Amino acid sequence: MTRRLFLQTTAAIATAFAFASAQAQTTALKFQLDWRFEGPAALFLVPAAKGYFKDANLNVSIDAGNGSGGTVTRVASGSYDIGFADLAALMEFHANNPEAANKPVAVMMVYNNTPASVMALKKSGIKTPADLNGKKLGAPVFDAGRRAFPIFQKANGIAGVQWTAMDPPLRETMLARGEVDAITGFTFTSLLNLEARGVKADDVVVLPYADHGVKLYGNVIIVSPKLIKENPAAIKAFLQAFTKGVKDVIANPNAAIDAVKARDGIINVELEQRRLKLAIDTVINSADARAEGFGQVKGPRLSLMASQVSDAFNTKTRVNPDAVWNGSFLPSAAELNVLPNKK
């Protein structure tokens with residue numbers, strides 16, 4: 001064998017080995033959203049579409065969800081490695097399943113404030129939380145706003161209300177028809193759904209929990225303890241790639257919806273652009289988020305929420321805030337600096 005041929009063969013073997021090694025190091029992760037492929041899903045679909053996960057040697061599959069409770073349960077069962085869910089739902093799972101071996105853990109705060117609010121039509125005469133005294137409220141039984149309503153109720157001195165349960169698609173319809181006086185729901189979901197049913201935004205009264213004494217955190221990225229134990233580097237890589245994508249989404253939310261449409265071709269692009277912008281303005285780039293820093297939590301606020309959820313949800317055991325949160329995988333402060341100042 002000539003020296004030239006030897007070198008070429010050696011180089012080819014080295015290249016093949018490097019490629020095989022890179023392939024072997026790629027980690028497959030199953031990720032579940034909290035809800036359907038709507039505007040806010042762009043936060044995860046954009047880094048996937050732009051190859052940020054792939055660049056981090058991650059093969060991330062992203063599936064739609066049907067509520068935070070389901071996402072928590074599926075990550076706990078091992079069906080999914082990572083998920084996006086309401087922190088209150090995660091806390092409830094922990095406190096109601098103290099013996100569960102695979103309780104998911106929150107590793108990054110995304111919605112610094114709960115998106116939950118009470119919404120009513122102006123013609124109802126409801127203007128403030130006090131006006132809800134004795135009124136008929138509607139929401140699915142698993143709705144985050146309904147579950148947390150006792151906290152909102154206590155903070156605002158609201159007397160008894162009557163609840164009507166319905167499936168999610170009927171919530172805004174029943175309010176528009178006057179079958180209930182008010183509803184609870186995520187603002188960026190229900191407000192736009194009301195518009196789709198012919199109700200003008202100017203005719204809706206929105207009472208955000210965050211503006212009325214309820215400082216609950218909202219949605220977080222959760223992971224399984226199994227993943228923490230077996231591949232902590234994959235978690236760190238996922239959060240870094242995700243954060244890079246979030247910066248892009250905030251910079252150009254209109255373009256970000258292209259990634260959502262690629263997953264659900266029948267979405268109303270303009271509506272989902274508005275939904276995404278509303279989510280960014282109200283719960284991602286909120287005053288609290290800018291004060292605390294994107295992705296992070298504050299100990300006293302987390303502890304207060306744990307106590308409030310324990311009481312409002314009447315959990316079997318008290319929520320331990322230290323057990324539901326692990327911030328050790330977060331990107332650097334420089335990488336987390338993605339929130340622009342309010343204009």
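1. An open sheet of five strands, with mixed pairing, runs in the order 2-1-3-10-4. Its edges are strand 2 (58-63) and strand 4 (105-109), each of which pairs on one side only. On average, neighbouring strands of this sheet are turned by 30° against each other, direction ignored. The model is a predicted one, and local features here need pLDDT of at least 70.

2. Within this sheet, strand 1 is joined to strand 2 by six bridges, and the two strands run parallel. Leu 29 has Val 60 in strand 2 as its bridge partner. Strand 1 also runs parallel to strand 3, with two bridges between them; here Gln 32 is partnered by Gly 83 in strand 3.

3. Ala 85 is placed opposite Val 220 of strand 10. As background, the strands of a sheet pair through backbone hydrogen bonds, in either the parallel or the antiparallel sense.

4. Which strands does helix 2 lie across? They are strand 1, strand 2, strand 3 and strand 10, and helix 2 runs at about 145° to strand 2. Helix 11 (residues 232-251) lies across strand 1, strand 2, strand 3, strand 4 and strand 10. The angle of helix 11 to strand 4 is about 30°.

5. A further open sheet has five strands in the order 7-6-8-5-9, again with mixed pairing. Strand 7 (162-164) and strand 9 (204-208) are at the edges; each has a single partner strand, so one side of each is left without a neighbour in the sheet. From one strand to the next, the twist averages 30°.

6. In the 7-6-8-5-9 sheet, strand 6 (residues 136-138) and strand 8 (residues 182-186) run parallel and are joined by two bridges. Leu 137 has Ala 182 in strand 8 as its bridge partner. Helix 9 (residues 187-196) lies across strand 5 (116-121), strand 8 and strand 9, and its direction is at about 125° to strand 8.

7. Helix packing comes next. Two packed helices are described by the angle between their axes and the distance between the axes. For helix 2 and helix 12, the axes come within 8 Å and cross at roughly 90°. Angles of 65 to 115 degrees count as roughly perpendicular, and helix 2 and helix 12 are therefore roughly perpendicular to each other. Helix 2 contributes Ala 42, Leu 45, Val 46 and Ala 49 to the contact, and helix 12 contributes Ala 256, Ala 259, Val 260 and Arg 263. By class, the contact of helix 2 with helix 12 has seven nonpolar, no polar and one charged residues.

8. Helix 12 (residues 253-263) also packs with helix 13 (residues 269-284), at an angle of about 120° and with the axes 9 Å apart. That angle makes helix 12 oblique to helix 13. The crossing of helix 12 with helix 13 is right-handed. On the helix 12 side, Pro 253, Asn 254, Ala 256, Ile 257 and Lys 261 take part; they meet Val 269, Glu 272, Gln 273, Leu 276, Lys 277 and Ile 280 of helix 13. The contact of helix 12 with helix 13 has six nonpolar, two polar and three charged residues. Ala 256 is listed in the contact with helix 13 and also in that with helix 2.

9. Helix 5 (residues 87-96) and helix 15 (residues 299-312) pack at about 65°, their axes 10 Å apart. Their crossing is right-handed. Leu 87, Ala 88, Met 91 and Glu 92 of helix 5 make the contact with Leu 302, Met 305, Ala 306 and Val 309 of helix 15. Divided by class, the residues of this contact are seven nonpolar, no polar and one charged.

10. How many salt bridges does a search of the whole structure find? The search finds 13. One of them joins the side chains of Glu 38 and Arg 275, at 3.7 Å from N to O. This pair links distant parts of the chain: Glu 38 is in the loop between strand 1 (27-32) and helix 2 (42-49), Arg 275 is in helix 13, and the two are 237 residues apart.

Notes: Residues are numbered from 1 along each chain as its sequence is written. This is a predicted model: local features need pLDDT of at least 70, side-chain atom pairs count only at pLDDT 80 or more; totals for chains, interfaces and linings use all residues. Side-chain values use heavy atoms; hydrogens and water are left out. Axes are lines fitted to C-alpha atoms, for helices over the stretch in contact, and angles run from 0 to 180 degrees between N-to-C directions. Helices (H or I, at least four residues) and strands (E, at least two) are DSSP runs, numbered from the N terminus. Angles under 35 degrees count as roughly parallel, over 145 as roughly antiparallel, 65 to 115 as roughly perpendicular and the rest as oblique. A crossing is left-handed if the near helix is turned anticlockwise from the far one by less than a right angle, and right-handed if clockwise. Contact means heavy atoms within 4.5 Å. Ala, Val, Leu, Ile, Met, Phe, Trp, Tyr, Cys and Pro count as nonpolar, Asp, Glu, Lys and Arg as charged, and the others, Gly among them, as polar. Two strands pair if DSSP finds at least two bridges between them. A salt bridge is a side-chain nitrogen of Lys or Arg within 4 Å of a carboxyl oxygen of Asp or Glu.
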